[in-house]
Each structure stands twice: as C-alpha cells, then as structure tokens.
Amino acid sequence: MKYEIQGKPYPVATITLEANESINCQRGGMSWVTPNVEMQTKGGSLGKMFGRALTGESMFQNTYTAQGGPGLIAFAAAAPGEIMAIELSGGKSIIAQKSAFLASAPGVTQETHFQKKLSAGFFGGEGFIMQKFTGNGLLLLEIDGSVVTYDLAPGQSMMIDTGHLAAMEATCSMSVETVKGVGNALLGGEGFFNTRVSGPGRIWLQTMPLPKFASIVARFIPSK
C-alpha cells in the first residue's frame, strides 16, 4: 500500500492498492476510485457500531479491495486542513478527536475511548468520547487547519486551549486546570479552563478547530 497526500487547504490522500489489498473508510468517505476496486459495506458488532456513532462517525464502514491488479482510491478532506498519515506498529496506540478518522489499513483497530477523569470530559473541551486506534498499518486522520507536533518527555506538559488537541499517543495523560485569576478568566478571552496533556509521548495540535472557524465565519453572515 502506497499513499500520497496532495493539496492545501483542501487535501486529498491518494492510495495505491496492490491486487487483493484492502483499505477501510467511513461510509461516504471515498472521493474517486478506479473501476477494479470493489466496495463492501460492513457494520461489525452492535457495540462497535454504537461506538462509532458516539464519536460522530457513521455506524457502517466501507472496505475497498483491488481486484485483478493494482487499483487507486482517493479520500478528500471534508474541511480546510491537513490529512495526517501515521504508521502504527509495535502495539502503539493513538487517541484522536471525534470525527478525525478518514481511512486505515485492515490491520488497524478502531474503538471508542472514554476520558477517565470527569473534569477532563466536562471542562477540557475534548469531551468524554474520543477515538482510539491500535494495530499495524496506515492510519489517515483529518486535522483542522495545520498540524504542529511535539514530543513530550516524562513529566513534561503542554497547556492547550479548547479544541486544539487533535491526537496524542496513548502513553500521554490528560487533565484540566482552571485559568488562574478571576480577571484573567473573565477578561482574557481564553475561558475558565485549559487542557493539560503530559508525557511521555507525542501530541499533534491543530491550528484552527472547526468550531472556532465556524464562529469566525458566522461574524460575517448577516442576520435576518
């Protein structure tokens, strides 16, 4: 399986499949495909279907398989941003924001990840429910805006504003801290809470979360 990511700010990932090679994506995720790549729609167990629905994904997934020779399939991003490719191996797991999943190799397992700390779910801006990816193979995630990567050492942390955490390695931990000072919280424009992500592990931050992008656009839409 080979891939190429092209275009900004509306990127597309083009995948070249060898004969009998497959790739999974959410329902409706395919943008274009060669005729010899066949689709099969699957739901899996009821638990998996319900878990995907909780993360904002379709309950069903499509599997595309090249028949009789190499084939090509493309997945375009749904919003301005980047497509991030991660090669999973050696039992490494990635925890990502809801609706980040674009496509993956069959060896990658997707499951629902629930925040263990109530405060992180209520106030951290990332919500209780995220997506966890484990296994071996290519994983493609959608990022809002541009992506910035940091490798956190054990005990090292990053304070993150609401919505800017795109993904993190499962070795990282997440907590919530209040903004110090009443004046800072009320007048600083950053809200009352920030998310603290601590290492060890890699984190991927996104520069323009879709809710923030939507709020900026809304300012220029005339009200009736």
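How many helices and strands does the secondary structure of the protein chain come to?

1. Overall content. The model is predicted. Its protein chain has 4 helices and 19 strands. The chain holds 224 residues, of which 43% count as buried. Among contacts between residues at least 6 apart in sequence, 77% join residues at least 24 apart. The chain exposes about 11600 Å², and carbon and sulfur atoms supply 58% of that area.

2. Is β13 enclosed or open to the outside? Of its 8 residues, 8 are buried, so β13 is largely enclosed by the rest of the structure. On the β8 side, 8 bridges join β8 to β13, and the two strands run antiparallel. One example is Glu82, whose bridge partner in β13 is Ile143. Strand β13 (residues 137-144) is also joined to β10 by 3 bridges, again with the strands running antiparallel. Here Ser104 has Leu139 as its bridge partner in β13, and Ala103 has Leu140.

3. With a relative accessible area of 16%, Thr65 is buried, since the cut-off for buried is under 20%. Which residues does Thr65 touch, leaving aside its neighbours within four places in sequence? They are Asn20, Glu21, Ser22, Asn36, Val37 and Glu38. Asn36 is 29 residues away from Thr65 in sequence, while their C-alpha atoms are 8.3 Å apart in space.

4. A sheet from β11 to β14. Another open sheet, also described by 6 strands, has the order β11-β12-β9-β16-β19-β14 and antiparallel pairing. Strands β11 (108-114) and β14 (147-152) are its edges, and each has a single partner strand, so one side of each lacks a neighbour in the sheet. Neighbouring strands are turned by 20° against each other on average, direction ignored. Within this sheet, 3 bridges join β9 (residues 93-96) to β16 (residues 165-169), and these two strands run antiparallel. Ile95 has Met168 as its bridge partner in β16.

5. Backbone points to check: cis peptide bonds. Most residues other than glycine have a negative phi, and most peptide bonds are trans. Two peptide bonds are worth noting against that background. The bond from Lys8 to Pro9 is cis, with omega near 5°; Pro9 is in the loop between β1 (2-6) and β2 (12-17). The bond from Gly199 to Pro200 is cis as well, with omega near 15°. Pro200 is in the loop between β18 (193-198) and β19 (201-206), and β19 is a strand of the sheet in point 5.

6. Backbone points to check: positive phi. Asn20, which is not a glycine, has a positive phi near 70°. Asn20 is in the loop between β2 and β3 (22-26) and is exposed, with a relative accessible area of 59%. Asn20 is also one of the residues in contact with Thr65. Ser99 likewise has a positive phi, about 70°, although it is not a glycine. The loop that holds Ser99 runs between β9 and β10 (101-104). How far is Ser99 covered: buried, exposed or in between? Ser99 is partly exposed, with a relative accessible area of 39%.

7. Leu210, Phe213, Val217 and Ile221 make a nonpolar surface patch of about 330 Å². Val217, one of these, is located in helix α4 (residues 210-218). Val217 is partly exposed, with a relative accessible area of 36%, which means that it passes the patch cut-off of over 30%.

Technical notes:
Residues are numbered from 1 along each chain as its sequence is written. This is a predicted model: local features need pLDDT of at least 70, side-chain atom pairs count only at pLDDT 80 or more; totals for chains, interfaces and linings use all residues. Side-chain values use heavy atoms; hydrogens and water are left out. Two strands pair if DSSP finds at least two bridges between them. Axes are lines fitted to C-alpha atoms, for helices over the stretch in contact, and angles run from 0 to 180 degrees between N-to-C directions. Patches are made of residues with over 30% relative accessible area and no salt bridge: like charges are joined within 9 Å, nonpolar side chains (Val, Leu, Ile, Met, Phe, Trp, Tyr) within 5 Å. Accessible areas come from the Shrake-Rupley method with a 1.4 Å probe; for residues, only the protein chains shown count as cover. A salt bridge is a side-chain nitrogen of Lys or Arg within 4 Å of a carboxyl oxygen of Asp or Glu. Buried means under 20% relative accessible area, exposed over 50%, partly exposed in between (1.4 Å probe, protein chains only). Contact means heavy atoms within 4.5 Å.
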